[in-house]
Amino acid sequence: MICYKYFYLTLVLLLFSSCEQKKSSEAVIGKNTTDEKNISAPSIVILGTAQDAGSPQIGCNKSCCSHLFNNANIKRHVVSLGVLDTENNKTYLFEATPDIGAQIEILTHLKGDKSNTLVDGIFITHAHIGHYTGLMFLGKEATNTDKIPTYTMPRIKSFFENNGPWSQLVKNKNIILHTIENETPVQLSNTLEVTPFLVPHRDEFSETVGYKIKGPNKTALFIPDIDKWKKWDEDIIEEIKKVDYAFLDATFYDGDEINNRDMSQIPHPFVIESLKKFEKLSFQERNKIIFIHFNHTNPLLNPESMESNSVLEKGFRIARKLDKFKL
Ligand SMILES: [Zn+2]
Ligand SMILES: [Zn+2]
Ligand SMILES: [Zn+2]
């Protein structure tokens, strides 16, 4: 009899503790970094999800932004991924956004060790404002960094070398530019490898790349900006099959956001177009897709929106700041 009582008591306690764990892991999303525990395995962490101009966006008085300007609880950052190489105690930043200060702080906090409060390398996809202008905070007016390895494709490298204020960062060795080449892997450690690949996009000042980030066990695809999928030489469906995670351009949800202008003329894959394209994938394959790079008008920025629920119901995922993915 005593034995049965003990058994039931243990069962109840176990159920209760697993509920508590679930609650706390859900509660973490969107919380302050000071509440976050250190990360103990090589991982990608989402440091920002918004399109270049951020959310709220300058001058926007529509319902997407007007309530956000004075709401300190919602701190949305521009698109960026952090990579924690826990085996070598290093961190890497994908994109140097205008929110770079807060984003590097998150990475350092998750690493736990504060001996280096900056990062060990920066990868940039292209020269549009949300993706590279954060580099300005590495110069003399700010932290005056010492030789941060910055991995650049040939055109963006020449853009940095020949145009102020970026050329000053190069001259003062705040950053050291490492040339990278299309589809040529950069070995960051025995178990961490990054490969850039060219994608079609508005290339005024630089080429545009996506990255493949290969860790000890898993591989991720990162394509924050691309023209329509059909304009790319590669088949996105096949590329998704080769990886474990695919962080993909979701700038606009549908035509409503751009006052019903002709969607075929907007150079991004709309989320509804991507959903249609990816619907033939199995549930397991769809679950690899994590939408990111949301325009301020995109309803996916709001976790409570009908559109967010509908995307999740179909088996896709939506990037949220501080989400983590083991590599
Ligand atoms: Zn962008
Ligand atoms: Zn807005
Ligand atoms: Zn762009």
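pLDDT is the predictor's confidence in each residue, on a scale from 0 to 100. This is a predicted model, and its chain averages a pLDDT of 90. At least 70 is reached by 89% of the residues. One stretch to treat separately is residues 9-34, where the pLDDT is below 50. Beyond near neighbours in sequence, that stretch has eleven contacts in the model.

Now the overall make-up. The chain has 327 residues, and 38% of them are buried. Its secondary structure comprises nine helices and 14 strands. Take the contacts between residues at least 6 apart in sequence: 69% of these join residues at least 24 apart.

Turn to the sheet. Seven strands form an open sheet in the order S6-S5-S4-S3-S2-S1-S14. The pairing is mixed. Strand S6 (175-179) lies at one edge and strand S14 (324-326) at the other, because each pairs on one side only. From one strand to the next, the twist averages 25°.

Strand S2 (residues 80-85) and strand S3 (residues 90-94) run antiparallel, joined by five bridges. Gly82 has Leu93 in S3 as its bridge partner.

Helices pack on this sheet. Helix H2 (residues 100-111) touches strand S1 (43-48), S2 and S3. The direction of H2 makes about 25° with that of S2. Helix H4 (residues 154-162) also packs on the sheet, touching strand S5 (148-152) and S6. The direction of H4 makes about 150° with that of S6.

Key:
Residues numbered from 1 in each chain as written. Chains lettered and ligands numbered in written order. Predicted model: local features only at pLDDT ≥ 70, side-chain atom pairs only at ≥ 80, totals over all residues. Pairing = 2+ DSSP bridges. Helix = DSSP H or I, 4+ residues; strand = E, 2+ residues; numbered from the N terminus. Axes fitted to C-alpha atoms, helices over the stretch in contact; angles between N-to-C directions. Contact = placed C-beta atoms within 7 Å. Buried ≥ 20, exposed ≤ 12 C-beta atoms within 10 Å, placed from the backbone.
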